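Open the model in your viewer and keep the sequence panel beside it. The stops below are given as selections.

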Amino acid sequence: MLPVIALVGRPNVGKSTLFNRLTRTRDALVADFPGLTRDRKYGQAKIEELEYLVIDTGGIHGDEEGIDAEMANQSLQAIDEADAILFLVDARTGVNASDQAIAQHLRMQNKQVFLVANKTDGIDADSAIADFYSLALGEVHPIAAAQGRGVNVLIELALKPF
Ligand code: GDP
Ligand code: MG
């Protein structure tokens, strides 16, 4: 069985963009429309000869329903299937209520969670990520999925146990 990395986070934070970069496919739907990717999507990826699986999820909607209802969907299953979880947040918008609800759930999981601040291209990454330490998930890892910045270092870290 290959190691599995799940990409979770509210809609529009860049999960599918990261998925496509890691798997080098255009299969996951990337769009400006929040929540467009509705089902879990699996892709195979490779770093330094290590093969692994990536799961893209449609996103957890932390605002319109209770977090319990949201978690009873495919994102919860993806978390369950994963060896490591990349929890994506948007460095440009800062922390919102959805991020807080998801973080609360992830803190209760007995899984390796990496808090990833995406879209740090063209902004001051240090000041943008400071806000996210309030989510109490430890280190904040800045990336720019669209350009690939910070991505390999992050994946190597997540797959270190393998
Ligand atoms: P998802 O809903 O979490 O899967 O998010 P998407 O991958 O569909 O991306 C949502 C939007 O954010 C799209 O317009 C992307 O082009 C944009 N986006 C994704 N990654 C980056 C990034 O690293 N930098 C910037 N500036 N935009 C990004
Ligand atoms: Mg998506």
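Two strands count as paired if DSSP finds at least two bridges between them. Helices (H or I, at least four residues) and strands (E, at least two) are DSSP runs, numbered from the N terminus. Residues are numbered from 1 along each chain as its sequence is written, and chains are lettered from A and ligands numbered from 1 in the order in which they are written. This is a predicted model, in which local features need pLDDT of at least 70 and side-chain atom pairs count only at pLDDT 80 or more, while totals for chains, interfaces and linings use all residues.

Colour by confidence. pLDDT is the predictor's confidence in each residue, from 0 to 100; its mean over the protein chain is 85, and 81% of the residues reach 70 or more. Select residues 28–38: here the pLDDT is below 50, yet the stretch has 24 contacts in the model beyond near neighbours in sequence. Two residues are in contact if their C-beta atoms, placed from the backbone, lie within 7 Å. The model scores are ipTM 0.99 and pTM 0.88.

Next, show the strands. Six of them make an open sheet of mixed pairing, in the order E2-E3-E1-E4-E5-E6. E2 (41–47) and E6 (140–142) are the edge strands, each with a single partner strand, so one side of each has no neighbour in the sheet. From one strand to the next the twist averages 30°. Axes are lines fitted to C-alpha atoms, for helices over the stretch in contact, and angles run from 0 to 180 degrees between N-to-C directions.

Select E1 (residues 4–8). How is it paired with E3 (residues 50–56)? The two run parallel over four bridges, and isoleucine 5 stands opposite valine 54. E1 also pairs in the parallel sense with E4 (residues 84–90), over four bridges; there the bridge partner of isoleucine 5 is alanine 84. Four of the five residues of E1 are buried (20 or more other C-beta atoms within 10 Å of their own; exposed is 12 or fewer, partly exposed in between, with C-beta atoms placed from the backbone), so the strand is largely enclosed by the rest of the structure.

Move to E5 (residues 112–118), which is parallel to E4 and joined to it by seven bridges. Phenylalanine 87 has leucine 115 in E5 as its bridge partner.

Finish at aspartate 80 in helix H3 (residues 74–81). Aspartate 80 is exposed, with 10 other C-beta atoms within 10 Å.
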